[in-house]
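My notes follow the display.

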Amino acid sequence: MIKQKRVLAGALGCLLLCSHPAGYLISGTQPVQAAGQSVKLENTGKQENLAAENETAGQDNGQAVLPQDLEADYNDPDYVKMQFQKEDEGRQAAEPFAINSVEARTTKSPYTGLVYTHAPQLSDCVIIDGIDVSKWQADINWKKVKAAGVKFVFIRCGYTALSKQFAMYEDEYFRKNIQGAYDQGIQIGVYFFSNSITTSEAKQEARKTLELIEDYEDMITLPVVYDFEAFSSAYRAYGLSKAQVTKNMKAYSDIIQDAGYTPMYYGSPSFLNSSFDVPSLSEYDCWLANYTTKTTYTGDYTYWQYSSSGQVDGIEGNTDCNFYYSFDGVSEPDTAPDDIVEDLGPVTGLAMEDHDTDFITITWDQLEEASGYKVYRSKSYGGTYKQMKVINGNEVTEFTDASVVESEGRQYFYKVVPFVLDEDNNLSYGVESDILTAYTKRLHTFRLKTNTNLNLREHAGTEYASAGVVPAGTGLPFYKFTLSNDEKKWYKVTYTKNGKSYTGYLSGSYVTVYTYGKTTKKVNMRSGAGLSYKIQRAVPQGTKITVVANKTDASGIKWSQIKYTLNGKGYTGYIPKKYIQQI
């Protein structure tokens, strides 16, 4: 946020081109757009019948369209790939099953019947079964798919045609598929099959992707994928340089990320190595396509597409099958002493490289002896550390945490654990790094007032030593806050007494905080706390405000006194508290 499955033989490309004297392939039913021109996508799903189609999506009414009922389309990149896969099915035999490490984990796919060995450094992840689909699966019974154990799906929303001229199309089954999967509670991601040649075209693909998915924003919880494939001369972008492919991917992903989605790229091991500058893409997730029972790919990936010939109840014919390696609920490994390589690590130079209100980037020094690193994060200083990222290879020494809560000055705690894989693929951990305290960017200064005499603790929690007592009624600015082990807020302050300064944490349970937030809708600001007070002005939705006080009027409505700045001018007044989202 994606379908590079096999390297399409040049012979197939030649065969396709030779069968079309124009030198490229254009479906007679689809309009073609010249490069640089805008295209209005055909609503091939017939918008006027969309409601009826969505009602019947996934229902076995005896009239379902089967894959073999669909007309061939050599202008559709997924169709061309499918033809090669059919020819290549006999060569996709499973590799011999073997366990080379006690750390390696195996699972059996319910859709291929084969046992798969997962990379040992990913074995402690939660491994989830899923699929990906496009028009070429035709009508899908999503109720049966859900019952078959499918937990997630990537759905093709559109594609760039194989024609020489730049033309984009909506997958005519996209709307039916996304509604059907959503109705069954299946997690959803989407992919756009790219054939962009320039960054301008990649940006157009990104904007078209956003146009296609704009009505389904709440349904999409998984990445939006840049699926670039040009593995034959049948593809318009065939032969594009690695540098240009990487630029295109970043151009696409930046637009997707700015829209609030998680971007991801896709490829087979050979295609990733030949067409992407993978080390420069460390901030993005990767979807690996490798049809084997045990991948030897050593780069990073979050999803593994392990087969194109799975059999899933509710889908006629073959289906792409995937594993998702989720870090949710995965904590720091409880390694026995024998599992730790004492002369490996610790990682040094751990520092906060960059941050904003919604991300934190950390870096560290390269450890030559390591095979890779695992990054862990805790919401509290002494809390449980959750695994955030597995980095294969020791060259990438940076991690951007985009899952932080959007806030100002919220602290998080990180550590990095190196690991080594020996020649037999056995996994061992090195010595963990020191703890790094990092925080989201501060744009404002906020204040608090103590409601009672309070201990100033060394860290967030009553279990830590007190550096002194702050008297009741003391007003202090605070720049950072964090959570204690019991998920309660603590604020970091500096208190000065008799010319000496003390820095520590005050419990949020015993202070009044002037909070920062934003308005959730356009709302009238009044001169006092109540509907009887004069309206001063309308505050736009999304306005960042500082809450300086809270009051409840005679009718029980809660009001907040706010301050905000617009076009260089400051305003103060009251709005209902329910229209404020605290940040």
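I sorted the lining of the second largest pocket by residue class and got 14 nonpolar, 15 polar and 6 charged. Here Ala, Val, Leu, Ile, Met, Phe, Trp, Tyr, Cys and Pro count as nonpolar, Asp, Glu, Lys and Arg as charged, and the others, Gly among them, as polar.

The model is predicted, so I note that local features need pLDDT of at least 70 and side-chain atom pairs pLDDT 80 or more, while totals for chains, interfaces and linings use all residues. Residues are numbered from 1 along each chain as its sequence is written, and side-chain values use heavy atoms, without hydrogens and water.

I read a volume of about 580 Å³ for the second largest pocket. A pocket is an open set of points on a 1 Å grid over the protein atoms alone, where a 1.4 Å probe fits, with protein on both sides within 12 Å along at least five of seven lines; lining residues have an atom within 4 Å of a point. Volume is the space filled by probe spheres set on the points, which are joined across faces, edges and corners. Tyr297, Thr298, Gly299, Asp300 and Asn392 lie nearest the centre of this second pocket, among 35 lining residues.

For the largest pocket I noted about 1,200 Å³. Of its 35 lining residues, Thr262, Asp285, Asp401, Ala402 and Ser403 are the closest to the centre. I counted 14 nonpolar, 11 polar and 10 charged residues in that lining.

I then looked for disulfides (cysteine sulfur pairs within 2.5 Å) and found 0.
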